[in-house]
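This report covers helix packing, domain contact and a ligand shell. The structure comes first.

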Amino acid sequence: MNKTIAVTKGDGIGVEIVDEALKVLDRVAEKFGHKFEYKYALIGGAAYDKYHTPLPEETLEICKSSDAVFLGAVGGDKWDSVEPDLRPEKGLLALRKGLGLYANLRPATIYEALKSASPLKDYIVEKGVDILVVRELIGGIYFGDRKTYVEDGVRTAYDVEKYNENEIKRISKMAFDSAMKRRKKVTLVDKANVLDSSKLWREVVKEMSKDYPEVELDFMYVDNASMQLIKNPSQFDVILTNNIFGDILSDESSQITGSIGMLPSASISEIGIHMYEPIHGSAPDIAGQDIANPLATILSAAMMLRYSFDLEEEAVAIENAVEKVLEEGIRTIDIKEPKGEYVKCSEIGTAVAERI
Ligand code: ATP
Ligand code: MG
């Protein structure tokens with residue numbers, strides 16, 4: 001199979017972790033007889049430094065003419081003083097919008113070998129955790145009307161959370177369809193006791209659930225959900241939620257699994273060009289030190305093979321190789337209890353590739 005992949009490494013550890021994933025993809029191509037062509041493009045701070053914009057037209061063009069987009073992470077303190085509209089994160093938001101990436105799928109799975117690294121280890125050893133967060137990605141407060149101004153001599157600002165029923169239907173369908181392939185349960189997380197937008201989510205999701213009689217649907221306020229994720233995470237199968245709650249809850253669910261450096265994501269596009277990236281950010285605090293964990297990015301490559309190219313066997317080969325690496329005690333410093341010394345980021349890609 002011949003595929004073109006737009007590779008946008010971004011900033012901070014983005015550069016280091018994407019290189020590790022490409023080693024693994026190269027090995028898959030060699031072993032299974034595929035050809036992956038990488039088209040490199042700048043995004044975020046790296047693009048700002050060169051072109052004075054966090055999403056150059058050329059980058060969007062490259063992404064739109066590829067079969068999938070593979071991204072590292074954007075941002076960092078280096079660009080803190082850049083004017084708001086040109087900040088690195090704006091580049092990522094614009095790319096999500098430009099590709100119509102309306103659904104962000106974030107599985108949180110615990111690996112056998114990492115159970116003892118979880119802060120909930122006794123619970124996890126007994127019950128396990130396997131959650132899919134389905135986060136709406138191109139609506140809500142991240143894209144709503146916003147303004148900072150002075151009112152009666154007082155500095156004031158607002159951000160608007162707004163959704164229409166079509167936006168809610170589209171992401172809800174993704175959640176129900178995903179649940180059908182899993183344990184058939186959807187939990188809508190919202191704040192319907194306070195927010196009108198949440199009330200509309202409940203109405204629309206309730207209506208849609210009639211098309212999925214096999215799927216159990218329940219509702220949870222986001223404050224309770226954030227507590228339940230720590231108290232009893234195995235109650236969740238698919239968590240369906242809006243853009244901002246999804247951002248927060250997926251970081252939280254990542255910690256249950258041992259490290260934020262373990263969790264991949266897929267963003268599903270309305271024009272068929274899906275994007276894959278780790279759930280974490282550019283981690284400027286550890287960038288350039290060769291200590292970041294690239295497994296979330298490597299597992300994002302597995303998601304790309306599965307969702308964009310329908311290469312299930314190849315995706316499983318990557319996931320199994322990751323499992324082997326962890327079982328052998330090969331770890332970066334974000335994960336507890338290595339066998340022997342911790343290894344560097346730049347050694348992990350090779351270790352995974354060798355086990356495919
Ligand atoms: P964003 O706003 O882009 O989500 P963030 O401010 O939430 O970014 P992250 O970059 O996700 O921050 O990092 C949060 C913390 O987790 C940092 O302290 C970072 O060092 C750590 N971290 C993130 N990714 C990794 C990784 N791959 N390996 C090890 N540590 C990581
Ligand atoms: Mg974050």
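This is a predicted model: local features need pLDDT of at least 70, side-chain atom pairs count only at pLDDT 80 or more; totals for chains, interfaces and linings use all residues.

## H1 and H11

The crossing of H1 and H11 is right-handed.

Three residues of H1 are named in this contact: Val24, Val28 and Phe32. They meet Glu314, Ala317 and Ile318 of H11. By class, the contact of H1 with H11 has five nonpolar residues and one charged residue. No polar residue takes part in the contact of H1 with H11.

## H1 and H10

H10 spans residues 295-307. H1 and H10 pack with their axes 8 Å apart, at an angle of about 45°. That makes H1 oblique to H10. H1 passes H10 in a right-handed crossing.

On the H1 side, the contact is made by Ile17, Val18, Glu20, Ala21, Val24 and Leu25. H10 contributes Thr297, Ile298, Ser300 and Ala301. The contact of H1 with H10 divides into seven nonpolar residues, two polar and one charged.

## H1 and H12

What angle do H1 and H12 make? It is about 15°, with the axes 8 Å apart. H1 is therefore roughly parallel to H12, since angles under 35 degrees count as roughly parallel. H1 runs over residues 14-32 and H12 over residues 345-354. Their crossing is right-handed.

The H1 side of this contact consists of Glu16, Ile17, Asp19, Glu20, Ala21, Lys23, Val24 and Arg27. Facing them in H12 are Cys345, Ser346, Ile348, Gly349, Thr350, Val352 and Ala353. By class, the contact of H1 with H12 has seven nonpolar, three polar and five charged residues.

## Two domains

The protein is divided into domain 1 and domain 2. Domain 1 is made of residues 1-104 and 260-356. Domain 2 is made of residues 119-256. Taken over C-alpha atoms, the domain centres are separated by 24 Å.

The contact takes twelve residues from domain 1 and 14 residues from domain 2. Which elements each supply at least two residues of the domain 1 side? They are helix H4 (88-98), strand S4 (101-109) and strand S11 (264-269). S4 gives the most to this side, with four residues. By class, the side of domain 1 that touches domain 2 has eight nonpolar, two polar and two charged residues.

## Around ligand 1

How many residues surround ligand 1? There are 15. The closest are Gly261, His280, Gly281, Ala283 and Asn293.

By class, the shell around ligand 1 has seven nonpolar residues, six polar and two charged.

Methods:
Residues are numbered from 1 along each chain as its sequence is written. Chains are lettered from A and ligands numbered from 1 in the order in which they are written. Axes are lines fitted to C-alpha atoms, for helices over the stretch in contact, and angles run from 0 to 180 degrees between N-to-C directions. Angles under 35 degrees count as roughly parallel, over 145 as roughly antiparallel, 65 to 115 as roughly perpendicular and the rest as oblique. A crossing is left-handed if the near helix is turned anticlockwise from the far one by less than a right angle, and right-handed if clockwise. Two residues are in contact if their C-beta atoms, placed from the backbone, lie within 7 Å. Ala, Val, Leu, Ile, Met, Phe, Trp, Tyr, Cys and Pro count as nonpolar, Asp, Glu, Lys and Arg as charged, and the others, Gly among them, as polar. Domain bounds come from an automatic or database domain assignment. A residue is near a molecule or strand if its C-beta atom, placed from the backbone, lies within 6 Å of it.
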